[in-house]
Amino acid sequence: MGIITTKDKEKLSVKSGDLIIRIMKYLEYTPLDQINDFLSHVNLGERTIKGCLEAYSCKHTGTDKKLSISLETEILDYLGKSSDTDSSSPVEYLSCRSSRKTLIYLLLTLNHMYPDYDFSAVKAHQFFTEESWDNFKQIFDVYMLEASKEWLAESESPLLETLYKALDEVVKLAESEIYSYSPEPEADPFLERGAIWSYHFFFYNRKLRRVVSFRFSCLSNLVDEGLVANELSYEEDEEIFDGMDI
């Protein structure tokens with residue numbers, strides 16, 4: 001990111017109609033805590049399923065101001081220097097005020113979850129994809145099948161149904177946008193050692209100014225025994241998707 005002078009900051013904080021400066025606030029919800037307790041460590045023998053739900057709201061003061069200005073400045077600098085008219089370029093997306101605000105909001109959430117990582121707004125745009133609930137459900141049903149069976153051993157309601165109700169309580173899913181976050185492995189601060197697969201979704205309600213992050217992954221318990229998890233993933237994926245049209 002470029003250097004931002006004090007004068008630039010003052011100018012942006014006063015005149016930036018493109019970005020409303022807010023602070024992220026972590027929200028505690030009991031329904032999310034119950035799911036987090038279960039997904040903290042689901043041991044399946046050779047594999048472990050892990051998951052985490054985090055909810056944040058947006059308030060009108062605070063410590064995120066510097067980062068917000070920096071991200072906005074990075075985007076505007078990029079747009080000012082770019083003449084790319086290719087439809088695959090992020091220029092069209094980033095030129096839209098509401099799209100920029102959404103991207104920065106998601107990046108602020110990521111920053112609170114992983115404060116030591118430097119998230120670039122222009123690069124991060126490439127890793128976000130807008131999804132539907134059906135797309136999310138399909139991925140969840142396939143990859144969280146075994147974890148869902150373990151959940152049913154202790155609960156009367158299916159895991160996905162419980163998750164839906166918890167998310168709906170926080171962000172009202174019917175009014176929310178869903179984004180998947182899929183960076184390259186070397187650019188993923190959340191990727192753990194021995195990861196076989198990993199998914200990260202955001203459920204964002206503009207009106208409520210709330211977002212819920214949900215990341216879930218599968219880790220190999222055999223890594224310490226000398227097996228490479230990445231080599232196992234291809235075989236498992238073939239078994240999971242055999243005969244399925246996705």
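Modeller: Rings of Phe, Tyr and Trp, the last by its six-membered ring, count as a pair if their centres lie within 6.5 Å. By that rule this predicted model holds 23 aromatic pairs.

One of them joins tyrosine 26 and tyrosine 56: the ring centres are 5.6 Å apart and the planes stand at 75°, so the pair is edge-to-face. Tyrosine 26 belongs to strand S1 (residues 23-27) and tyrosine 56 to strand S3 (residues 47-59), so the pair ties together parts that are 30 residues apart in sequence. Tyrosine 26 is partly exposed, with a relative accessible area of 41%, whereas tyrosine 56 is buried at 5%.

Phenylalanine 201 and phenylalanine 216 form a stacked pair, with 6.2 Å from centre to centre and 10° between the planes. Phenylalanine 201 sits in strand S6 (residues 195-205) and phenylalanine 216 in strand S7 (residues 210-220), 15 residues apart. Phenylalanine 201 is buried, at 1% relative accessibility, and phenylalanine 216 is buried at 1%.

Both phenylalanines are members of one aromatic cluster, which also includes Trp133, Phe136, Phe140 and Tyr164. These four residues also take part in the contact of helix H7 with helix H9: Trp133, Phe136 and Phe140 are in H7, and Tyr164 is in H9. By class, that contact has 8 nonpolar, no polar and 2 charged residues. The axes of H7 (residues 133-143) and H9 (residues 159-171) come within 11 Å and cross at roughly 140°, which makes H7 oblique to H9. The crossing is right-handed.

Note on methods:
Residues are numbered from 1 along each chain as its sequence is written. This is a predicted model: local features need pLDDT of at least 70, side-chain atom pairs count only at pLDDT 80 or more; totals for chains, interfaces and linings use all residues. Side-chain values use heavy atoms; hydrogens and water are left out. Axes are lines fitted to C-alpha atoms, for helices over the stretch in contact, and angles run from 0 to 180 degrees between N-to-C directions. Helices (H or I, at least four residues) and strands (E, at least two) are DSSP runs, numbered from the N terminus. Angles under 35 degrees count as roughly parallel, over 145 as roughly antiparallel, 65 to 115 as roughly perpendicular and the rest as oblique. A crossing is left-handed if the near helix is turned anticlockwise from the far one by less than a right angle, and right-handed if clockwise. Contact means heavy atoms within 4.5 Å. Ala, Val, Leu, Ile, Met, Phe, Trp, Tyr, Cys and Pro count as nonpolar, Asp, Glu, Lys and Arg as charged, and the others, Gly among them, as polar. Rings of Phe, Tyr and Trp (its six-membered ring) pair if their centres lie within 6.5 Å; planes under 30 degrees apart count as stacked, over 60 as edge-to-face and the rest as tilted. Buried means under 20% relative accessible area, exposed over 50%, partly exposed in between (1.4 Å probe, protein chains only).
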